[in-house]
Each structure stands twice: as structure tokens, then as C-alpha cells.
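Me: Please walk me through this protein in short steps. I am seeing it for the first time.

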Amino acid sequence: MPESQRNEPAISERRGIRWLPDDPKLQEPTSTLVLTGSRGQFVDIRIFCNPGETLPNEGGPSSLLDWGIAGKSTSTVIDDGSSRSVCHSTFSHWIDSRTDTPGPDQGDMYPQSNNTTLELGAMYNPLTNSEQAYEELWVDYSASAVEGTRWSIVIDLDDPEHNAKGRVVRVGEHCQGILKVGEHVTVERWGFEVSEKESKGDWTRLARLGDLFLPVSLAFTPEQVVEGNVLSYGDYKWVVKEVYSW
């Protein structure tokens, strides 16, 4: 993709979901974070938890994974008759922790006055086993520089022989990964945290479900990877798809 066609990498946190017309109000039963690179490749990790709870970080139980997704998002501006910049977004699922045959996932994004975005759309609801309308409320954050630079890194695994797919995405100070081999799924979430006492930072794992190896540390040293590099770990070969700074 030409440099002119890149978008600014995105960090999005969900604040609530409501299935229509069943749920009376927005609720957030998960910790949901989506990291999207400059070409639209994303990793979306949703982990069941109560507000303020520490996320699972030692591999289980797997039932705490609500959804893990990797894919590509595309958006087009639509005219709703107002002055708002409303977009229609489509999320193609390349990896889906719930199924190997994911259904449609798309919605219209309506900017709100409090710097949030209300998403209205339709997707598969596991509670009803059917496609259903929904509302989701999102907050977008600007990436912070780590050691002076904001980086977007995307590293993929596509191995049909072993029925394995994986992706690691880093945007600024956040990094997430997902690996699916057959029916086995592993997800991880990392963050760059700065110690107030030492004024130094380091990458810290914030969540892990599953027991497969994810090469997330590659994204922590972007100066040492180049787009197109093939990196072998055991039986798997990971390909660097994006190394971008802005």
C-alpha cells in the first residue's frame, strides 16, 4: 500500500454493548481492546471480567475468553444528513476464536459529543445463536511514543499445513497477539509501563489465555525487524507485514 493510503494506527477500547431489542441499556462484561495498524490489520481481544478485576495472566481458564479476532477493517464515509463524519465499517475475520466460518461483522460509526463513538450494526450473538442488531460504545486513544517514537508493527503466521494462523499487532505502547492452531487459541495483551521511581519503562504482560507461544517480543524492538522478514519459531514461520512509525 502506498504511504499516502495509510491511516493513523488506532487504539480502541469498548465501554459497553447492548443487543437490540433485548437489552435495556449498555453494559460492559469484558475488557475489550482493539489495535489496528496503518493498513487496517487488527487484533481484537475481549476477556470476561468485572470492573477493576485483574485480568487472567497465567493461561486460563479459557472460558474467560469472550472473543479473539484478527482481520482487516475498512471504512467508508456515509451521509446521514447531519454534519457528523459517520462511517460504515466492515471487519473481515481472518482469525476467529469462536469459529472457522465467521459471519458478517459490520456497523455504522456515529461520533458522540463526549469523544466517544457509538457503533450500530449486526453480528453473530452467541447467546441467541443468530445474527442480531447491536450497539457498542467505543473510546479511541492516540498512541504514545515509546523511547521517542510511535510504532505500528504487524507480524503474521499463515500455515495451512499445521492449520495455524496468528497475528501480533503493536500500536504505540500497546501490543496484542492471537494464535489459533486447530481448535486451540492463545491470546496475549502487553503494555509499556513506566516506573515513577526510576522514570524508566518496560513491556509488561497484562493478560494471557492459552498455552501456545506468541512472538510478541519481536514487536518491542522495531529497529531490528524489516517488512518481509521471515522469522522461524519451532514449526512456524512468522512474516513481518508492517513496520511503520509516525
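Reply: Two strands pair if DSSP finds at least two bridges between them. Strands (E, at least two residues) and helices (H or I, at least four) are DSSP runs, numbered from the N terminus. The model is predicted: local features need pLDDT of at least 70, side-chain atom pairs count only at pLDDT 80 or more, and totals for chains, interfaces and linings use all residues. Residues are numbered from 1 along each chain as its sequence is written, and side-chain values use heavy atoms, with hydrogens and water left out.

Me: How many bridges join β4 to β5?

Reply: These two strands run antiparallel. Within their pairing, serine 73 faces phenylalanine 91 in β5. The number of bridges joining β4 to β5 is ten.

Me: In what order do the eight strands of the barrel come?

Reply: The barrel is closed, and its pairing is antiparallel. On average, neighbouring strands are turned by 30 degrees against each other, direction ignored. For such angles, axes are lines fitted to C-alpha atoms (for helices over the stretch in contact), and angles run from 0 to 180 degrees between N-to-C directions. The order is β1-β2-β3-β4-β5-β6-β7-β8.

Me: Which residues lie nearest the centre of the largest pocket?

Reply: A pocket is an open set of points on a 1 Å grid over the protein atoms alone, where a 1.4 Å probe fits, with protein on both sides within 12 Å along at least five of seven lines; lining residues have an atom within 4 Å of a point. β1, β2 (30-36), β3 (41-48), β4 (65-78), β5 (86-96), β6 (106-111), β7 (116-125) and β8 each give at least two residues to the lining. The lining counts 38 residues. Nearest the centre are Ala10, Ser12, Ser73, Ser75 and Ser89.

Me: What volume does the largest pocket have?

Reply: Grid points are joined across faces, edges and corners, and the volume is the space filled by probe spheres set on the points. For the largest pocket, that gives about 950 Å³.

Me: Which strands stand at the edges of the open sheet, and why is one side of each left without a neighbour?

Reply: Seven strands make this sheet, with antiparallel pairing, in the order β13-β12-β11-β10-β9-β15-β14. Neighbours in the sheet are turned by 20 degrees against each other on average, direction ignored. Each edge strand has a single partner, so one of its sides has no neighbour in the sheet; the two edge strands are β13 and β14.

Me: Which glycine sits in the turn between β11 and β12?

Reply: Strand β11 (residues 174-181) pairs with β12 over eight antiparallel bridges. Leucine 179, for one, has threonine 186 in β12 as its bridge partner. The two strands form a hairpin with two residues between them, and the turn residue with a positive phi of about 60 degrees is glycine 182.

Me: In β11, what is the bridge partner of lysine 165?

Reply: Strand β10 (residues 164-171) and β11 pair in the antiparallel sense over eight bridges. Their hairpin has two residues between the strands, and glycine 172 there takes a positive phi near 60 degrees. The partner of lysine 165 in β11 is lysine 180.

Me: How many aromatic pairs are there?

Reply: Rings of Phe, Tyr and Trp (its six-membered ring) pair if their centres lie within 6.5 Å; planes under 30 degrees apart count as stacked, over 60 as edge-to-face and the rest as tilted. The count is seven.

Me: How many residues apart in sequence are the parts that tryptophan 19 and tyrosine 134 tie together?

Reply: Their rings form an edge-to-face pair, 6.2 Å centre to centre with 70 degrees between the planes. Buried means under 20% relative accessible area, exposed over 50%, partly exposed in between (1.4 Å probe, protein chains only). Tryptophan 19 is buried at 11%, and tyrosine 134 is buried at 1%. Tryptophan 19 is in strand β1 (residues 10-19) and tyrosine 134 in strand β8 (residues 130-141), so the gap is 115 residues.

Me: Is alanine 122 buried or partly exposed?

Reply: Alanine 122 belongs to strand β7. Its relative accessibility is 22%, so alanine 122 is partly exposed.
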